[in-house]
Amino acid sequence: MSVEGVDLDDLKRRMQGALSVLKTDFAGLRTGRASASMMDPITVDAYGQQMPLNQVGTVSVPEPRMVAVQVWDKGMVSAVEKAIRESNLGLNPVVDGQLLRLPIPELNQERRQELIKVAHKYAEQAKVAIRHVRRDGMDAAKKAEKDGDISQDDSRVASDEVQKLTDQMISEVDAMLEKKEQEISQV
């Protein structure tokens, strides 16, 4: 759908991009159970650049409370271990040759609160990204009006539509955050 002077489909696509990044970030927050997706946000300093963990090794879940990372290159084991330790996931890898075992500790109340704070940070980043897209849409409407392509009324209608879309996306972020908070808080 396109309102005079503003491509709402493009804005919606860009806002949904921010939501998908948030989903990925939330998947990386652990909830007491092991999952391979919790390793997704971890990047390793490998071969002179930052690479996702799943591009330097195989991530598996052999037990409900254990994640294993089989590193393909022997020289990368220490870099992978360092990246996991610095990831803010609260995991301590046990190195066994090229295999790193990550026991998932029980979440205590303090750790749950930390994870909720991290979830809030991720949600705020998504909201900021959505607001940037809104600003681009508002600027496009103002520019079209200034250039004489659309009337002042059409510009106001376009701005209202952009704001409605923004409000809808922000409420989706809030709903995702609430769901993740409940998931983390579950004992």
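Before going on, a word on what we are looking at. This is a predicted model, where local features need pLDDT of at least 70 and side-chain atom pairs count only at pLDDT 80 or more, while totals for chains, interfaces and linings use all residues. Residues are numbered from 1 along each chain as its sequence is written, and side-chain values use heavy atoms, with hydrogens and water left out.

Helices (H or I, at least four residues) and strands (E, at least two) are DSSP runs, numbered from the N terminus. Two strands pair if DSSP finds at least two bridges between them.

Back to the sheet. β5 and β6 run antiparallel, joined by 5 bridges, and they form a hairpin with 2 residues between them. Strand β6 (residues 66-71) also pairs with strand β8 (residues 99-103), again in the antiparallel sense, over 5 bridges. Which residue of β8 is the bridge partner of A68? It is R101.

Axes are lines fitted to C-alpha atoms, for helices over the stretch in contact, and angles run from 0 to 180 degrees between N-to-C directions.

There is another hairpin to find. Strand β3 (residues 43-46) pairs with strand β4 (residues 49-52) over 4 bridges in the antiparallel sense. V44 has M51 in β4 as its bridge partner. With 2 residues between the strands of this hairpin, Y47 takes a positive phi near 55°.

Now the helices. How far apart are the end C-alpha atoms of helix α3 (residues 109-146)? They are 55 Å apart, which agrees with the 56 Å that its 38 residues should span at 1.5 Å a residue; the expected span is 1.5 Å times one less than the number of residues. Just after α3, G148 takes a positive phi of about 85°.

The axes of α3 and helix α4 (residues 152-185) come within 10 Å and cross at roughly 170°. The two helices are therefore roughly antiparallel to each other (under 35 degrees counts as roughly parallel, over 145 as roughly antiparallel, 65 to 115 as roughly perpendicular and the rest as oblique).

α1 packs against α3 as well, at an angle of about 170° with axes 9 Å apart, and these two are therefore roughly antiparallel. Among the residues that meet are L11, L22 and F26 in α1 and Y122, I130 and V133 in α3 (contact means heavy atoms within 4.5 Å).

Last, salt bridges: a side-chain nitrogen of Lys or Arg within 4 Å of a carboxyl oxygen of Asp or Glu. The structure holds 11 salt bridges. One of them joins the side chains of D10 and R14 at 3.9 Å, N to O. Why are D10 and R14 separated by about one helical turn? Because they are 4 residues apart in helix α1 (residues 8-27).
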